Amino acid sequence: MDTTEFRKRGKEMVDYVADYFEQLDKRQVYPDVEPGYLRPLIPDSAPQDPESFEDVLKDVEKIIMPGVTHWHSPYFFAYFPTASSFPALFADILSGGIGCIGFSWAASPACTELETVMLDWLGKMINLPEEFLAGKDGEGGGVIQGSASEATLVTLLAARTRTIRRVQSENPELTEADIMSKLVAYASDQAHSSVERAGLIGGVKIKNIPSDDKFAVRGSALKKVLHEDRAAGLIPFFFCATLGTTPCCSFDRLLELGPICNKENIWMHIDAAYAGSAFICPEFRHLLNGVEFADSFNFNPHKWLLVNFDCSAMWVKTRSDLTNAFKLDPLYLQHCHQESGLVTDYRHWQIPLGRRFRSLKMWFVFRMYGVKGLQEYIRKCSNAFRAGVTNRHLKFMFIGLQLFQGSNKLNEALLKSINDARKIHLVPCHLREKFVLRFAICSRTVESVHIQFAWKHISKLATELLKAQDKQQQ
């Protein structure tokens, strides 16, 4: 394919994607396929001779689309929103076209410097404390990770390294293995499973702090566990606070937790993966109060800020905490500016070495929407939420549905009926042993008509389930 054909086929692909979005509400949101459906539809090995673009595109519709769960469908209410916008898609095309691998400043200066500036832009949009911004002479700064899971892992590993070095400086007789065996990290019993996974990868104990009746961690609960663990000879070193938990969107109490972490010399990381985008609106910014006590903070613009996956924004107050943990400099990665103090080499801020030009997506979206446009989008989603919680029929949807009170078995059956029908898509969670159906406003195209349809559909299936149960009992 030469540039002439690329121009032609590129326009056809843009048309296909545009048609996909325009007709998305007519596609079945959840695929009706069985495991292994795809292998019989394609050859056992790659073709020896080239095939045409037309044939490939036909097979996209014939083979791929039947097995796609349509995350951007207005009938998709599962998991979490995945951000999408045409400016971000344009930026993805440009990023793929440029194709740079920005592991160091020298590898692509624009890739590195735009990312630094975009994280400062975004940090200012949510009114982060100055210490988190790179600026011209700051000690902190931001970086784009692939996901909030990566951000949690990176910060836990950095906290582990910082703590080991501190303890060894105070107790030279202790080996790294001695200290590692005593390290313990903490998170809410409502925290995302990625926190526990970070502990597994990092080789440290993870303890869950009991949440209160609103599923939030309070300072008193953390203080109690810390006292017990220090008395047992353990070394607390990391606490992950959550703003917007996965099961029910509860918020840990930062203003209580932060001072405790600072006093106890514990790294506090804030995971606001889903909720963080709302903080660009001044009326929601108070929910971030207490971030000033944190060592690191993360949220996902790729969930709710119109920037396509993957784009997880993470900030640290002290960048040297990251570089001290991850810095390795083989000769083939060195360059003449690396010790100048004027550049950032993001390979020292992350797990992978390579990285794409992801900041282009932020640059395009921020410029083509503007802060006011992004705030308007967040408020539209918020208004949908407000309409739901004030409507007696829809209230359950935004706090989690347990339609059959006290019966996990019936609620499990209801969820199966919903997803088997493939009209809408939901996923569950557990809240204190209760099986709960989560309902999230995910698509940027969702309107009240789609929510009303979902409620009627769920009500119909629930009624049918009850009738079937009554018939069985008779």
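**Figure 1. Exposure of Ile93 in the predicted model**. Ile93 has a relative accessible area of 51%, and because exposed means over 50%, Ile93 counts as exposed. The residue is found in helix α3.

**Figure 2. A nonpolar patch on the surface**. The patch is formed by Val14, Phe86, Phe90 and Ile93. Together these residues have about 380 Å² of accessible area. Helix α3, residues 86-98, gives the most to the patch, with three residues.

**Figure 3. The open sheet of seven strands**. The strand order is β1-β7-β6-β5-β4-β2-β3, and the pairing is mixed. Strands β1 (141-145) and β3 (205-209) stand at the edges; each has a single partner strand, so one side of each is left without a neighbour in the sheet. From one strand to the next, the twist averages 20°.

**Figure 4. Pairing of β2 with β3**. Strand β2, residues 183-188, pairs with β3 in the parallel sense over five bridges. Within this pair of strands, Val184 stands opposite Lys205 in β3.

**Figure 5. Helix α4 on the sheet**. Helix α4, residues 109-125, lies across β1, β6 (296-299) and β7 (312-316). The helix runs at about 85° to β7.

**Figure 6. Helix α5 packed on the sheet**. Helix α5, residues 148-170, touches β1, β2, β3, β4 (235-242), β5 (267-271), β6 and β7. The direction of helix α5 makes about 155° with that of β4.

Key
Residues numbered from 1 in each chain as written. Predicted model: local features only at pLDDT ≥ 70, side-chain atom pairs only at ≥ 80, totals over all residues. Heavy atoms only, no water. Patch = residues over 30% accessible without salt bridge, like charges linked within 9 Å, V, L, I, M, F, W, Y side chains within 5 Å. Areas by Shrake-Rupley, 256 points an atom, 1.4 Å probe, with all protein chains shown as cover. Salt bridge = Lys/Arg side-chain N within 4 Å of Asp/Glu carboxyl O. Helix = DSSP H or I, 4+ residues; strand = E, 2+ residues; numbered from the N terminus. Buried < 20%, exposed > 50% of the residue type's maximum accessible area, 1.4 Å probe, protein only. Pairing = 2+ DSSP bridges. Axes fitted to C-alpha atoms, helices over the stretch in contact; angles between N-to-C directions. Contact = heavy atoms within 4.5 Å.
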